[in-house]
2 protein chains.
Amino acid sequence: MTLEIPEVVINRLPVYARALAALALDGETVVSSQALGERLDVTPAQIRKDLSYFGRFGKQGRGYNVQGLLTRLREILGLDRKWRVALIGVGRLGQAIAEYGGFEPQGFQIVAVFDSDPRAVGKLVGNVEVRNSGDLEKFLRANHVDIGIVAVPAHAAQSVVDRLVNAGIRAILNYAPMAPHVPRSVAIRHIDPVLAMQSMTFYIKDREPGAK
Amino acid sequence: MTLEIPEVVINRLPVYARALAALALDGETVVSSQALGERLDVTPAQIRKDLSYFGRFGKQGRGYNVQGLLTRLREILGLDRKWRVALIGVGRLGQAIAEYGGFEPQGFQIVAVFDSDPRAVGKLVGNVEVRNSGDLEKFLRANHVDIGIVAVPAHAAQSVVDRLVNAGIRAILNYAPMAPHVPRSVAIRHIDPVLAMQSMTFYIKDREPGAK
């Protein structure tokens with residue numbers, strides 16, 4: 001069954017889970033697909049269809065139980081557990097990632113940090129000692145790691161991704177400004193602010209210069 | 001015509017442009033949709049269909065002229081000019097954004113930086129002096145800005161986005177971990193590494209603990 005669920009559906013579920021968590025925090029116990037959809041700028045039909053892949057939620061006309069649906073989505077996505085993350089690359093970007101406070105509260109713990117620069121090795125970044133990236137495979141053999149974050153320059157990214165994949169990593173968050181190849185069995189997501197900006201300029205390029 | 005082009009197509013064009021720029025740098029003058037597709041893990045048919053929205057490129061069986069297609073894509077996307085960017089929020093994340101070296105070579109220049117913390121105001125971040133965010137609208141009235149980058153905490157993001165939109169900004173890159181509402185006339189993209197990781201754990205959660 002898992003294989004039949006479109007990736008776009010899986011990609012939307014964390015958004016639903018986040019909105020439900022915010023509602024729960026606000027003390028809401030029930031939410032309709034209409035209200036959830038308005039909050040997220042998606043149609044109620046979309047929400048109902050996405051959730052239908054995973055069974056029946058809510059009763060017709062009575063909305064979803066906020067905590068119940070949240071718990072179920074967290075189970076489905078695997079957000080109800082801790083995930084061990086290795087970060088490769090601690091240049092300026094990698095340091096910002098290591099020190100970003102948003103991962104750990106969501107269950108993503110950076111347990112190891114690697115860099116190829118001998119001057120970086122041994123330093124503390126985000127409370128984790130930087131290891132020599134030559135020791136990457138040895139570390140991954142000896143320690144359980146679920147996710148690799150790649151924050152190396154573009155020219156080094158494919159090689160680092162290949163090494164992670166060969167060492168058994170099945171989920172990669174890529175910050176390098178290129179799209180490394182991975183086997184179909186490996187999940188990869190790209191964080192690419194330049195591409196994001198380049199995909200918006202199309203829509204604003206015909207405004208008059210200086211127009212407000 | 002512009003309105004009929006699906007957003008997913010527009011989102012792929014910068015990826016094609018980047019690949020073509022890399023090919024040009026390698027001295028390649030011609031590329032087939034097959035070769036370009038293999039490089040990007042998309043089908044040749046997808047590339048041909050995406051490009052067909054913008055006219056005829058390349059000759060049957062002879063591939064695309066690398067520099068010609070690159071130049072045309074850059075025109076279409078508006079990547080052949082400079083874009084003026086304002087950054088709002090210079091906490092740890094905002095500082096990393098301001099100091100990120102990847103924007104300027106692609107034509108995105110951070111011309112102003114704002115923060116609500118009086119202790120941050122006046123400091124230099126990425127060679128730009130931090131302004132008081134109370135002066136945001138005044139600055140945007142007096143200076144041309146194309147794109148706003150929002151790097152404030154989640155609870156402040158909607159308010160900052162509303163202020164940018166009301167001041168005439170039509171493209172927003174949002175780093176806050178929530179999805180602010182914008183009118184349909186405004187483009188917004190989200191940089192959200194936690195959501196990206198949460199969309200991958202679904203695929204690895206059924207692996208045995210400790211499996212490599």
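This is a predicted model: local features need pLDDT of at least 70, side-chain atom pairs count only at pLDDT 80 or more; totals for chains, interfaces and linings use all residues.
Start with the strands of chain A. They form an open sheet of 7 strands with mixed pairing, in the order β5-β6-β4-β3-β7-β8-β9. Select β5 (124-125) and β9 (187-190) of chain A, which stand at the edges; each has a single partner strand, so one side of each is left without a neighbour in the sheet.

Show L124(A) here: its bridge partner in β6(A) is E129(A).

Next, select helix α5(A), residues 92-99, which packs on this sheet. The strands that α5(A) touches are β3 (83-88), β4 (108-115), β5 and β7 (147-150) of chain A. Compare the directions of α5(A) and β3(A): the angle between them is about 160 degrees.

**Chain A: helices α1 and α4**

Now select α1 (residues 7-25) and α4 (residues 66-77) of chain A. Their axes cross at roughly 145 degrees and come within 9 Å. The crossing of α1(A) and α4(A) is left-handed.

To see the contact, show side chains on both helices. On α1(A), the contact residues are I10(A), L13(A), P14(A), Y16(A), A17(A), L20(A), A21(A), L23(A) and A24(A). On α4(A), they are V66(A), Q67(A), L69(A), L70(A), L73(A), I76(A) and L77(A).

Move to chain B, where an open sheet of 7 strands has mixed pairing and the order β5-β6-β4-β3-β7-β8-β9. The edges are held by β5 (124-125) and β9 (187-190) of chain B, each with a single partner strand, so one side of each lacks a neighbour in the sheet.

Within this sheet, select β7(B), residues 147-150, and β8(B), residues 171-174. They pair in the parallel sense over 3 bridges. I149(B) stands opposite L173(B) of β8(B).

**Chain B: helices α2 and α3**

Finish with α2 (residues 33-40) and α3 (residues 44-52) of chain B. They pack at an angle of about 110 degrees, with their axes 8 Å apart. α2(B) and α3(B) are therefore roughly perpendicular to each other.

By class, the contact of α2(B) with α3(B) has 3 nonpolar, 3 polar and 1 charged residues.

Conventions:
Residues are numbered from 1 along each chain as its sequence is written. Chains are lettered from A and ligands numbered from 1 in the order in which they are written. Side-chain values use heavy atoms; hydrogens and water are left out. Two strands pair if DSSP finds at least two bridges between them. Helices (H or I, at least four residues) and strands (E, at least two) are DSSP runs, numbered from the N terminus. Axes are lines fitted to C-alpha atoms, for helices over the stretch in contact, and angles run from 0 to 180 degrees between N-to-C directions. Angles under 35 degrees count as roughly parallel, over 145 as roughly antiparallel, 65 to 115 as roughly perpendicular and the rest as oblique. Ala, Val, Leu, Ile, Met, Phe, Trp, Tyr, Cys and Pro count as nonpolar, Asp, Glu, Lys and Arg as charged, and the others, Gly among them, as polar. A crossing is left-handed if the near helix is turned anticlockwise from the far one by less than a right angle, and right-handed if clockwise. Contact means heavy atoms within 4.5 Å.
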